[in-house]
Amino acid sequence: MKSKIFLYLFVFALLLALFQFVTGNNMQEALTTDVNQLQTEVEELKDSLQTMHLKVLDMQYFTLENNDDALAYYDHLNLENPSLYIQDKLLETNEKSGDNPLIPYEGMESDFKINKIKVLNHKWILADFSDGKYWGDLIIRYELKDDLSVDFTLAEHLLYAPQNY
């Protein structure tokens with residue numbers, strides 16, 4: 001009787017060990033598959049990040065910050081960030097009541113104001129304007145003077161047709 005109990009105990013322990021072995025192998029395979037999948041995803045994300053980095057560099061090509069020849073015009077002014085200074089001066093034109101004086105259209109829903117600004121070089125600015133429903137683009141010629149005043153002159157303008165969705 002005692003030997004049968006030890007035999008059953010031995011068989012039970014053997015089955016338990018076999019179960020642990022199979023379960024461990026299955027978990028190891030699942031983890032290996034997950035790691036391989038995550039490594040593939042990381043590689044894809046690195047490629048995507050590299051692509052986005054190249055797009056950002058391409059978009060920054062036409063900016064005052066990345067144009068050393070244009071920045072040389074402002075070396076004597078001791079401005080830390082000429083582009084930001086010019087943007088601030090252009091946004092000050094929004095503070096007047098009514099439409100922005102640089103925008104040649106009358107606001108239909110409210111007053112037209114300049115929203116987004118991109119200083120292209122030491123002479124030109126690309127700007128976006130809107131009244132909340134209608135919008136357009138401006139090309140503005142500017143001159144930053146030695147007394148740090150800025151003269152803005154509208155070069156081109158475009159008002160988009162309203163989109164009915």
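## A buried aromatic pair

Let's start inside the protein: Phe112 counts as buried because its relative accessibility is 0%, where buried means under 20% relative accessible area, exposed over 50% and partly exposed in between (1.4 Å probe, protein chains only). Phe129 is likewise at 0% relative accessibility, so Phe129 counts as buried too. This is a predicted model, in which local features need pLDDT of at least 70 and side-chain atom pairs count only at pLDDT 80 or more, while totals for chains, interfaces and linings use all residues. Residues are numbered from 1 along each chain as its sequence is written, and side-chain values use heavy atoms, with hydrogens and water left out.

Rings of Phe, Tyr and Trp (its six-membered ring) pair if their centres lie within 6.5 Å; planes under 30 degrees apart count as stacked, over 60 as edge-to-face and the rest as tilted. The count comes to four aromatic pairs. In one of them, the rings of Tyr61 and Phe62 are edge-to-face, because their centres are 4.9 Å apart and their planes stand at 90 degrees; both of these residues are exposed. Phe112 and Phe129 also make an edge-to-face pair, with 5.1 Å from centre to centre and 85 degrees between the planes. This pair links distant parts of the chain, with Phe112 in the loop between H3 and S1 and Phe129 in strand S2, 17 residues apart. Together with Tyr105, Phe112 and Phe129 form one aromatic cluster.

## Strands and hairpins

Helices (H or I, at least four residues) and strands (E, at least two) are DSSP runs, numbered from the N terminus. Two strands pair if DSSP finds at least two bridges between them. Strands S1 (residues 113-119) and S2 (residues 124-130) run antiparallel, joined by six bridges, and form a hairpin with four residues between them. Across this pairing, Ile114 stands opposite Phe129.

S2 is also antiparallel to S3 (residues 135-144), with seven bridges joining the two. Here Ala127 stands opposite Leu138 in S3. The hairpin of S2 and S3 has four residues between the strands, and Gly132 takes a positive phi near 105 degrees in it.

Which residues of H3 (residues 82-92) are buried? They are Pro82, Ser83, Ile86 and Leu90.

A nonpolar core is a set of buried Ala, Val, Leu, Ile, Met, Phe, Trp, Tyr and Cys residues joined through side-chain atoms within 4.5 Å. The largest one has 22 residues, and Ile86, Leu90, Ile114, Ile125, Ile140, Tyr142 and Phe152 touch the most other members. H3, S1, S2, S3 and S4 each supply at least two residues of this core, and the largest share, four residues, comes from S3. Not counting residues up to four places away in sequence, Phe152 touches several residues, including Ile86, Leu90, Ile125, Ile140 and Tyr142.

## Tyr160 after S4

Tyr160 is found in the segment after S4 and counts as partly exposed because its relative accessibility is 33%. Leaving aside residues up to four places away in sequence, Tyr160 touches Trp135, Gly136 and Asp137.

Tyr160 and Asp137 are 23 residues apart in sequence and 8.3 Å apart in space, C-alpha to C-alpha. Their side chains make a polar contact (2.5 Å). A polar contact is a pair of N or O atoms within 3.5 Å; within protein, one must be able to donate a hydrogen and the other to accept it, and residues adjacent in sequence count only if both atoms are side-chain atoms.

Notes
Contact = heavy atoms within 4.5 Å.
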